[in-house]
Amino acid sequence: MASRLLAGLAIAASCVSCASSKGGAPPTVICGKTISRDPAGPVIEDATAHDITVTSVTAGAVIILRTASGCHTGADVAVEPSDAADMVDDVRGADQRYIAVVLEPHRDAFTVRVTRSPGSVSVVTVKGLSPATAMSHG
């Protein structure tokens with residue numbers, strides 16, 4: 001019994017080391033599109049239903065926002081002020097509106113308005129980013 005347990009633990013330990021030697025997290029895919037291959041596994045901020053505050057960038061020094069919960073109907077996205085961040089990648093729904101966006105910040109604070117319909121708007125408040133992180137990209 002003890003030998004089976006030890007054998008099982010040895011197999012489990014070897015599987016963990018095999019997974020970590022492959023380079024970390026798998027690619028990040030939203031609605032069939034790969035938006036990140038960073039092995040650190042980026043954080044995806046959920047702006048699909050309510051206002052949120054983002055205080056840091058994720059892997060790759062970007063902000064990834066999920067703006068709609070499905071893959072068919074997206075949202076309109078507006079960065080305010082418009083020069084505060086560049087949209088460097090996106091995932092679009094069948095309606096050609098945004099399902100997710102990848103933003104590269106140029107300022108330490110700004111807002112993003114996510115409008116799914118006239119009655120469904122989320123405001124993303126970005127604040128407290130490191131000036132070096134936000135400014136190094138612009």
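A: What follows starts with the disulfide, then turns to backbone angles and ends with the cores.

This is a predicted model, in which local features need pLDDT of at least 70 and side-chain atom pairs count only at pLDDT 80 or more, while totals for chains, interfaces and linings use all residues. Residues are numbered from 1 along each chain as its sequence is written, and side-chain values use heavy atoms, with hydrogens and water left out.

A disulfide is a covalent bond between the sulfur atoms of two cysteines. Here the term is applied to a pair of cysteine sulfur atoms within 2.5 Å. The structure holds one disulfide. Its partners are cysteine 31 and cysteine 71, with sulfur atoms 1.9 Å apart. The link of cysteine 31 and cysteine 71 is left-handed, with -85 degrees about the S-S bond. Cysteine 31 lies in the loop between β1 and β2, and cysteine 71 in the loop between β5 and β6, so the bond ties together parts that are 40 residues apart in sequence. Strands are DSSP runs of E, at least two residues in length, numbered from the N terminus.

Cysteine 31 counts as partly exposed because its relative accessibility is 30%. Cysteine 71, at 43%, is partly exposed as well.

The backbone at cysteine 31 has a positive phi, near 50 degrees. Most residues other than glycine have a negative phi, and most peptide bonds are trans. Glutamine 96 also has a positive phi, of about 70 degrees, although it is not a glycine. Glutamine 96 is placed in the loop between β7 and β8 (98–105), and it is exposed, with a relative accessible area of 51%. The peptide bond from glutamate 80 to proline 81 is cis, with omega near -5 degrees. Proline 81 belongs to the loop between β6 (76–80) and β7 (85–92).

Now the cores. A nonpolar core is a set of buried Ala, Val, Leu, Ile, Met, Phe, Trp, Tyr and Cys residues joined through side-chain atoms within 4.5 Å. The largest has 19 residues, and Ile63, Leu65, Leu103, Phe110, Val112 and Val124 touch the most other members. At least two residues of this core come from each of β4 (52–54), β5 (63–66), β6, β8, β9 (110–117) and β10 (120–126). Apart from it lies another core of nine residues, including Ile64, Ala68, Val91 and Ile99.

Methods:
Helices (H or I, at least four residues) and strands (E, at least two) are DSSP runs, numbered from the N terminus. Buried means under 20% relative accessible area, exposed over 50%, partly exposed in between (1.4 Å probe, protein chains only).
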